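Student: Please take me through one part of this structure closely. Then place that part in the whole.

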Amino acid sequence: MDFDPPASVRPLLEKIESFVADHVLPAEAEVFEKGFTGAAATLDKLRAQVKAAGMWAPSAPKDIGGLGLTLVEHGLVSERLGRSPLGHYVFGCQAPDAGNLEILHKYGTAEQKQQWLAPLAAGELRSCFSMTEPENPGSNPTMLSCTARKEGSDYVIDGHKWFTTAADGAAFAIVMAVTNPEASTHARASMIIVPTSTPGFELVRNIKIMGDPGEGYGSHGEIWYRGVRVPQTNRLGPEGAGFLIAQERLGPGRIHHCMRWIGICERVFDTMCAHITRRKIADDKTLATRQIAQAWVAEARAEINASRLMVLHAAWTIENKGFDRARDEVSTIKFYVADVMMRLIDRAIQLHGALGITSDTILAHYYVHERGARIYDGPDEVHKMVVAKRILARYGR
Ligand SMILES: Cc1cc2nc3c(=O)[nH]c(=O)nc-3n(C[C@H](O)[C@H](O)[C@H](O)COP(=O)(O)OP(=O)(O)OC[C@H]3O[C@@H](n4cnc5c(N)ncnc54)[C@H](O)[C@@H]3O)c2cc1C
């Protein structure tokens, strides 16, 4: 067993590490100050540099201009990009576009690929994914109420969605809507491409996340679809296949997220260690001399290392044995790594004292914007329940 990153991506990983350190981290202050839209010129310049250096869209297939990395390889990239909240965006592999790109590549018709996939892959436009509804549990999306009824050659969509990440400024949404109400639970919904310029598409607001509404790419939209009419040719994949495609979208997505969270952990770990070795709490003693701080450092190191091994193993299992064989691993990493990350961010804030809750370090940004990790892509509790059920079934439950 070789624990080194595959030789095929080692040079790329080094290049990415340097680019993130030299160009992406220095751009953070401007983006936090002006937002993704206000700092678009800087971000566009960085994206152009990434393209010119042959590092664009690492997870996308080669035939649409990506690097076509395997899941394990992209996992390692995702960890390095996760060291900055801008990393994935600058490299063209940000959620939700990366997931939308995957399903468009697999299920899109030639016309859909030309109209939506090609410009999405090139970073010329953005997209969003609209499944969760305020009135229904996102943890059980089979209960969704948004409908798409057929009228002539069109679908007419009516529904209320929220937490449609990055809807603000997106060119199109992939909407989950009930097309076959009589079908069995998992065959009722389809995915439909809706240009956001279609009459009846209304972005009501960017939802405030712990006080911050965000904007542009860094936002979560509430949307009404009122009589939104699109041609039936905008359906992605077969009718009733919405949940099947959603599952496919989530599998690799969880690996990408978890490795991104590990990148965040490493950044927070560095921030915490640097602070406690500098911060004097007595004339001749720094915070790093205290056992409680030392214990948190050691525990964090162990948990981050464990997380990385677990996620890479899950990615390897998906690649080598198929998603079905990796179900337990994928659920386990989702709740384990999210928990490791949130505990570490909280402890790092604690050790920074008042400074920790200011915006003078990256910690408060992570505390606000990464708390959702324990909720999206399946809340922790659901993953725990699913894993435990499968384990206990082997014991005869
Ligand atoms: C930052 C962020 C970004 C998101 N982006 C998108 C997006 O782009 N597109 C999109 O469609 N959605 C998105 N979502 C929505 C996300 O998918 C849902 O929030 C998630 O599925 C949970 O659904 P819910 O919020 O309705 O919570 P509910 O389903 O109401 O669940 C609430 C809580 O109940 C508990 N719970 C639920 N079911 C069980 C159970 N079976 N057993 C025990 N406990 C349970 C859990 O603690 C859960 O957190 C995003 C969410 C966040 C936070």
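Tutor: Start with two helices. The axes of helix α6 (residues 97–107) and helix α7 (residues 110–121) come within 10 Å and cross at roughly 145°. Helices here are DSSP runs of H or I with at least four residues, strands are runs of E with at least two, and both are numbered from the N terminus. Each axis is a line fitted to C-alpha atoms, for helices over the stretch in contact, and angles run from 0 to 180 degrees between N-to-C directions. The crossing of α6 and α7 is left-handed: the near helix is turned anticlockwise from the far one by less than a right angle.

From α6, the contact takes Asp97, Asn100, Leu101, Leu104 and His105. From α7 come Gln112, Lys113, Trp116, Leu117, Leu120 and Ala121. Contact means C-beta atoms, placed from the backbone, within 7 Å. By class, this contact holds 6 nonpolar, 3 polar and 2 charged residues. Nonpolar covers Ala, Val, Leu, Ile, Met, Phe, Trp, Tyr, Cys and Pro; charged covers Asp, Glu, Lys and Arg; the others, Gly among them, are polar.

A word on the source. This is a predicted model: local features need pLDDT of at least 70, side-chain atom pairs count only at pLDDT 80 or more, and totals for chains, interfaces and linings use all residues. Numbering runs from 1 along each chain as its sequence is written.

Look at the loop between α5 (87–90) and α6. Pro96 sits there. A cis peptide bond joins Ala95 to Pro96, with omega about -5°. Most peptide bonds are trans.

Now the whole. The protein chain has 12 helices and 10 strands. Its radius of gyration is 22 Å, close to the 21 Å of the globule rule for 397 residues, so the chain is as compact as a globular protein of that length. That radius is taken over C-alpha atoms, and the rule is 2.2 Å times the number of residues to the power 0.38.

The domain assignment gives domain 1 (10–104), domain 2 (127–236) and domain 3 (243–393). Such bounds come from an automatic or database assignment. The C-alpha centres of domain 2 and domain 3 are 30 Å apart. Their contact takes 11 residues from domain 2 and 8 residues from domain 3.

Finish at the ligand. Its shell draws at least three residues from each of domain 2 and domain 3. There are 19 residues around the ligand, and Met131, Pro137, Gly138, Ser139 and Gly372 come nearest. A residue counts as near if its C-beta atom, placed from the backbone, lies within 6 Å. The shell divides into 10 nonpolar, 8 polar and 1 charged.

Conventions
Two residues are in contact if their C-beta atoms, placed from the backbone, lie within 7 Å.
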